[in-house]
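Here is a quick tour of a protein model, written for someone who likes to check things in a viewer.

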Amino acid sequence: MRKSRTRRILAAVLAVGATAVFLGASQGTQTDPLVTMSYINEVTAPQILSDVDARLDQREQALVDRLDASIARYERDMEQKLSGSAGTGMAGTSSAFTVVNVAAGRQLTGATGFEFLLRSGSATAVAASAPGLIDTTGGGTLASGGAVEPNHLYLTTAEGRGLKAVTDLTVLVRGSYTLT
């Protein structure tokens with residue numbers, strides 16, 4: 001009985017050993033590699049970083065394209081605003097200075113913040129109350145009926161203020177105005 005018991009133990013040990021060898025041999029094959037730290041560092045991590053870099057480059061290019069389009073649209077809008085041409089009719093608005101010719105006896109009035117500079121001719125200030133106009137060149141104010149100085153920049157502080165032409169005028173204007 002002792003021999004059969006020893007044989008059974010020996011057979012069990014051999015069976016367990018054979019199973020361990022069989023299971024150990026099936027791990028880490030070329031078709032099913034055992035993942036190690038070197039595999040992660042040398043293969044997986046560079047692939048992931050490469051994919052992330054490619055996606056970031058795509059998104060960066062998309063953002064650059066959108067920014068370029070926005071800049072182009074802004075530049076186009078600014079050019080239109082700065083080259084706005086008004087002033088040849090009875091009323092207008094200009095974000096840049098525009099030349100307006102005013103015949104003797106006519107009035108050039110503007111909205112709040114309207115600016116004008118008399119280049120030639122003679123004119124008087126038109127305003128319903130004091131101060132009529134702000135003389136930004138001289139640093140003072142001009143009451144209604146006062147003589148408008150040539151080559152002085154004037155600013156209106158309320159709607160309906162401006163100048164009345166005594167002689168034919170050439171005026172540089174910026175802002176919203178009416179010629180009556």
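Keep in mind as you look around that the model is predicted. T156 sits in strand β7, which covers residues 153-156.

What does T156 touch, once residues up to four places away in sequence are set aside? The list is A111, T112, G113, F114, L133, R161 and G162. One of those, F114, turns up again among the aromatic pairs, where its partner is Y177.

## Overall layout

Zooming out, the protein chain carries two helices and nine strands. In sequence order the pattern reads α-α-β-β-β-β-β-β-β-β-β. Take the contacts between residues at least 6 apart in sequence: 73% of them join residues at least 24 apart.

Of the 180 residues in the protein chain, 22% are buried. The chain exposes about 12,400 Å², and carbon and sulfur atoms supply 58% of that area.

## The nonpolar core

The largest nonpolar core has 19 residues, and the ones touching the most other members are L108, F116 and V171. Five strands each put in at least two residues: β1 (91-102), β3 (115-120), β4 (123-126), β8 (161-165) and β9 (169-179). The largest share comes from β9, with five residues.

Leaving out neighbours within four places in sequence, F116 is in contact with L133, V148, H152, L153, Y154, G162, L163, V171, L172 and V173. That list includes V171, which is itself one of the core residues that touch the most other members.

## Aromatic pairs

How many aromatic pairs does a search of the whole structure find? It finds three. In one of them, the rings of F114 and Y177 have their centres 6.1 Å apart and their planes at 35°, so the pair is classed as tilted. F114 lies in the loop between β2 (107-110) and β3, while Y177 is in strand β9, so this pair ties together parts that are 63 residues apart in sequence. Are F114 and Y177 buried or exposed? Both are buried.

F116 and Y154 make another aromatic pair, this one stacked, at 5.5 Å centre to centre with 20° between the planes. It also links distant parts of the chain, with F116 in strand β3 and Y154 in strand β7, 38 residues apart. Y154 has a relative accessible area of 1%, so Y154 is buried.

V35, M37, Y39, I40 and V43 make a nonpolar surface patch of about 440 Å². Where does M37 lie? M37 is in helix α2, which spans residues 37-82.

Why does M37 count as exposed? Its relative accessibility is 57%, and the cut-off for exposed is over 50%.

Definitions and conventions: Residues numbered from 1 in each chain as written. Predicted model: local features only at pLDDT ≥ 70, side-chain atom pairs only at ≥ 80, totals over all residues. Heavy atoms only, no water. Helix = DSSP H or I, 4+ residues; strand = E, 2+ residues; numbered from the N terminus. Buried < 20%, exposed > 50% of the residue type's maximum accessible area, 1.4 Å probe, protein only. Contact = heavy atoms within 4.5 Å. Areas by Shrake-Rupley, 256 points an atom, 1.4 Å probe, with all protein chains shown as cover. Core = buried A, V, L, I, M, F, W, Y, C linked by side-chain atoms within 4.5 Å. Patch = residues over 30% accessible without salt bridge, like charges linked within 9 Å, V, L, I, M, F, W, Y side chains within 5 Å. Salt bridge = Lys/Arg side-chain N within 4 Å of Asp/Glu carboxyl O. Phe/Tyr/Trp six-rings, centres within 6.5 Å; stacked < 30°, edge-to-face > 60°.
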